[in-house]
Amino acid sequence: MPTAVPRIPLVHGPTPIVRMAALDALVGCRVHVKRDDMTGGAEAGNKLRKLEYFLADAQANAATTLVTCGALQSNHARATALVAARFGLRSLLLLRCTEGPTDPWTDADDLPAVGNVALARLVGARIRRISASDYRQRTALLLESSQEIDRNGGRGYVIPEGGSNGLGSLGYVRAAEEIAWQVRHGAVDAKRFAEVVVACGSGGTVAGLALGAARTDVYQRVRAALVCDDARYFEGVVRRIVQESRAWDDTLGDVVAPVLYDESSRGPRYGEMDPGQKDFLVDVARNTGLILDPVYTGKALYALRLARERRDLGPKDDVLFLHTGGLPGFLATAADLPLGGVR
Ligand SMILES: *Cc1c(COP(=O)(O)O)cnc(C)c1O
C-alpha cells in the first residue's frame, strides 16, 4: 500500500537495475546495480528521494527558504539547493570547512566553485562556512539560522544533515517498493536478493531500506557500509529514524529487515580511501564504465567485495548494490586517485 504522506514527485523512476559481467568478476558474486545515481539530472542521487517528502512538507508550511547542512562537498546540500531553485525557493547551506575562515552567521561568497559547491553557487544558494567544532552543534545552528530567516520576513524550513529523519527515509521505503515492483515485472534477472548494499553516512537511506524490506520481502537484509562513525552509533541513529518514520506513516509495521553495520571499508577517515580501495574504484571504472565516488559508493561496493572474500556471501548470490550518486563531489576530489598508466 503506498504511503499517504504528501510527496512531490522529483525522481525519474523507476531507476534502472543493471548487470555487468565484468563487475561480477571484480566483486565475486552476481551484482545488480540499482542506478539511483540516475534519479535526476544535476540534482540526482539518493537525496532526491528524501527531498520529495521535504519539499511537500516545506510547501505545506509555506516555507520560503530550505535550510540544511553538510560537509563542504555535500551531495545533499547541492541537491537541496537545486530543488529549491526549481521550485522558486531560496536555500541556505551550512557547510563544514576544515580550512579558511568560518562564521556561522555570515554568508560566504568566495568558496571555490568546484564540484557540488559550483552547482550550489550556480543556482544562488546562500552558503556559510562552519568550523568542525560548530558543526557538532549543527542541529541548534540550523534552527537558529531558520529563525533568523523568519525574523527577516521569510520562513525557513530545516532539513537535517543528509535529509536523514523519519520523513526523509520514507523516500527509501518507497524505493524498496519500486525494487519489488521491478522484480515482480521481470525487470531484474533475480527473484530475490540476498542483501542490498549501500553506503551509510547519516543513516536515513538504511532506515528506509530496512523498513521497506519488511514490507516487500525483496531482499533479506541491508548491508550498511559505514563511511564514518561506528556500528553502535548507527544502530541508535537508525532505530530513532525508524520510530520517526512510523510516526509519519502508521501503516509501517513493526518489522524491520536485519541491518548489518559493516565497518570493513570505512577507510582511514570520512572522505579518504586506503590504496586498495582507490585501486578498486579505478578498476571498476576501467572495466565497466561505472563511476563510483571515493566518499560513499566506492566504499560500499568495496565492502561487498570484502564480504565475498570473507565468504559472507556465495559466488552465486544475487546482491543489489544501491548506487547512490556522488559524481559532482567526485569531480572535486579525483586528483587523489592513481590515474597514471593503463593497467
Ligand atoms: C548522502 C549519501 C549517501 C549516504 O546516505 P545517508 O542516507 O546519508 O546514509 C550515500 N551515497 C551518496 C552519494 C550520498 O550523497
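Mentor: Leu327 is found in helix 12, which spans residues 327-333; helices here are DSSP runs of H or I with at least four residues, strands are runs of E with at least two, and both are numbered from the N terminus. Please keep in mind that this is a predicted model, in which local features need pLDDT of at least 70 and side-chain atom pairs count only at pLDDT 80 or more, while totals for chains, interfaces and linings use all residues. Residues are numbered from 1 along each chain as its sequence is written, and side-chain values use heavy atoms, with hydrogens and water left out.

Leu327 has a relative accessible area of 44% and is therefore partly exposed, because buried means under 20%, exposed means over 50%, and partly exposed is what lies in between (1.4 Å probe, protein chains only). Together with Ile291 and Leu331, Leu327 makes a nonpolar surface patch of about 290 Å². Patches are made of residues with over 30% relative accessible area and no salt bridge, with nonpolar side chains (Val, Leu, Ile, Met, Phe, Trp, Tyr) joined within 5 Å and like charges within 9 Å; a salt bridge is a side-chain nitrogen of Lys or Arg within 4 Å of a carboxyl oxygen of Asp or Glu. The areas come from the Shrake-Rupley method with a 1.4 Å probe, and for residues only the protein chains shown count as cover.

Turning to helix 11 (residues 297-309), we find Tyr302 there, and at 12% relative accessibility Tyr302 counts as buried. Leaving aside neighbours within four places in sequence, Tyr302 is in contact (heavy atoms within 4.5 Å) with Ser265, Gly276, Gln277 and Phe280. By comparison, the C-alpha atoms of Tyr302 and Ala108, which are 194 residues apart along the chain, are separated by 36 Å.

Leu301 touches, among residues beyond four places away in sequence, Leu23, Val27, Val31, Phe280, Val284, Leu292 and Phe321. Leu301 is also one of the residues with the most contacts inside the largest nonpolar core, which has 91 residues, and Leu23, Val31, Tyr219 and Leu304 are the others named. Such a core is a set of buried Ala, Val, Leu, Ile, Met, Phe, Trp, Tyr and Cys residues joined through side-chain atoms within 4.5 Å. The largest share of this core, 8 residues, comes from helix 7 (residues 170-184), and apart from the core lies another one of 12 residues, among them Leu82, Leu95, Leu111 and Ile127.

For the whole chain, the secondary structure comes to 12 helices and 10 strands, and buried residues make up 55% of the 343 residues. Among contacts between residues at least 6 apart in sequence, 78% join residues at least 24 apart. The chain exposes about 14,500 Å², of which carbon and sulfur atoms supply 51%.

Some backbone details deserve a separate look. The peptide bond from Gly13 to Pro14 is cis, with omega near -5°, and Pro14 is found in the segment before strand 1 (17-19). Ala62, in the loop between helix 2 (47-60) and strand 3 (65-71), has a phi near 55°, a positive value in a residue other than glycine. Asp217 likewise has a positive phi, of about 60°, although it is not a glycine, and its place is in the loop between helix 8 (204-216) and strand 8 (222-226).
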